[in-house]
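Here is a short briefing for a first look at this protein. Keep the structure in view as you read.

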Amino acid sequence: MTAIPRTPFALLSGSAGWGIRFPEDLAEPGVRVLDRWLTFDTPWGPQGHFQVLELDGAITADGRSRTVLNVFSHGWPNDAIDNATHRRVAWVLEQAGVRKVLADSTCGSVNRMLQPADFIVARDMLDFTQTAYSAMPGRLRHQGMASQLFCPGLARTLETTARPLWPSPGRVLGHSHQIVVCHNWGPRFTSRAEARAYQMLGGDAINQSIGPEASAMREIGACFASASYVVCWEDGVVDGPAIDIDPIHHTLRHVSTRISLLAMARAELTDACGCAALRIVRAPEYASFAPGSPS
Ligand SMILES: [Zn+2]
């Protein structure tokens, strides 16, 4: 099994780019693949789908070349549904020393004003399933706060990168739009009743990967941002026939994954955003077995 490379940058590729060869099909200058088809051992079994990218100093924020740990399709296996994948991926990222993580995906809208082909940078999240596969090493000595599950610094970089590249009529909606994304594991889409429920709870979009990724990145102390574009309204949100997702996906998957690459190149390695401080390590006595401890 391969040793996990050290790097502070990770890109969790998702449905945003399904069907293209990434990054080759983008032919983006200054990007090359250092290694691929990597599988790493984790405490919960092997985790594959990794590759290592190198971004040349000509395109990075600090003018120095950087490596990016990249996992295909959130790490999900090709031939099965495995919701524990996110914990294995998070563990690999923690061993790598990752501090800045971007995930790209597609999503469905439950907000009539949020339209197919819009590019969204979520500000907050509804996830009623979190901790199902927690990456946190125990409940007693660790706390994960959620006042900003999505890094404002990384979100700004992402929005600034997307704005000149994203094609109309789609819009780029950053943190100022306060978009709330709901996690729903899938793989099936929401029913009309579920979409209505998420709408009533304040959700704007539905995503099948964002919940465990946002929580796990908080648990390993890394900054996290989500780059996603809307491919449909969920059933029952608007009148009319269902939208064919694939043409939207085919039109936007190249530009979306290009934005992901450039955002990783432009991400600044700083803790000024405050995300890392939201993972709190508590005093050792919290984890002592008090009734049986010597006084
Ligand atoms: Zn941050």
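Of the contacts with a separation of 6 or more, 82% join residues 24 or more positions apart. The model is predicted. Its secondary structure comes to five helices and 13 strands. The radius of gyration is 19 Å, close to the 19 Å from the globule rule for 295 residues, so the protein is as compact as a globular protein of that length.

**Overall dimensions**
- The C-alpha trace spans about 70 × 45 × 40 Å along its principal axes.
- Buried residues account for 45% of the 295 residues.

**Helix α5**
- Helix α5 covers residues 245-266, which is 22 residues.
- At 1.5 Å a residue it should span 32 Å, and its end C-alpha atoms lie 30 Å apart, which agrees.
- A kink of about 45° is centred on Leu252.
- Leu252 is also buried.
- Other buried residues in α5 include Arg253, Arg258, Leu261, Leu262 and Met264.

**The largest nonpolar core**
- This core holds 75 residues.
- Leu93, Val101, Leu102, Phe224, Ala225 and Met264 touch the most other members.
- Strand β12, residues 223-233, gives the most to the core, with nine residues.

**Around Val101**
- Which residues does Val101 touch, not counting those up to four places away in sequence?
- They are Ala10, Leu12, Leu93, Met217, Ala222, Cys223 and Phe224.
- Among these, Leu93 and Phe224 are also on the list of core residues that touch the most other members.

Conventions:
Residues numbered from 1 in each chain as written. Predicted model: local features only at pLDDT ≥ 70, side-chain atom pairs only at ≥ 80, totals over all residues. Helix = DSSP H or I, 4+ residues; strand = E, 2+ residues; numbered from the N terminus. Rg over C-alpha atoms; globule rule 2.2 N^0.38 Å. Buried ≥ 20, exposed ≤ 12 C-beta atoms within 10 Å, placed from the backbone. Contact = placed C-beta atoms within 7 Å. Expected span 1.5 Å × (residues − 1). Bend = angle between axes of the 7 residues up to and from the residue. Core = buried A, V, L, I, M, F, W, Y, C linked by C-beta atoms within 7 Å.
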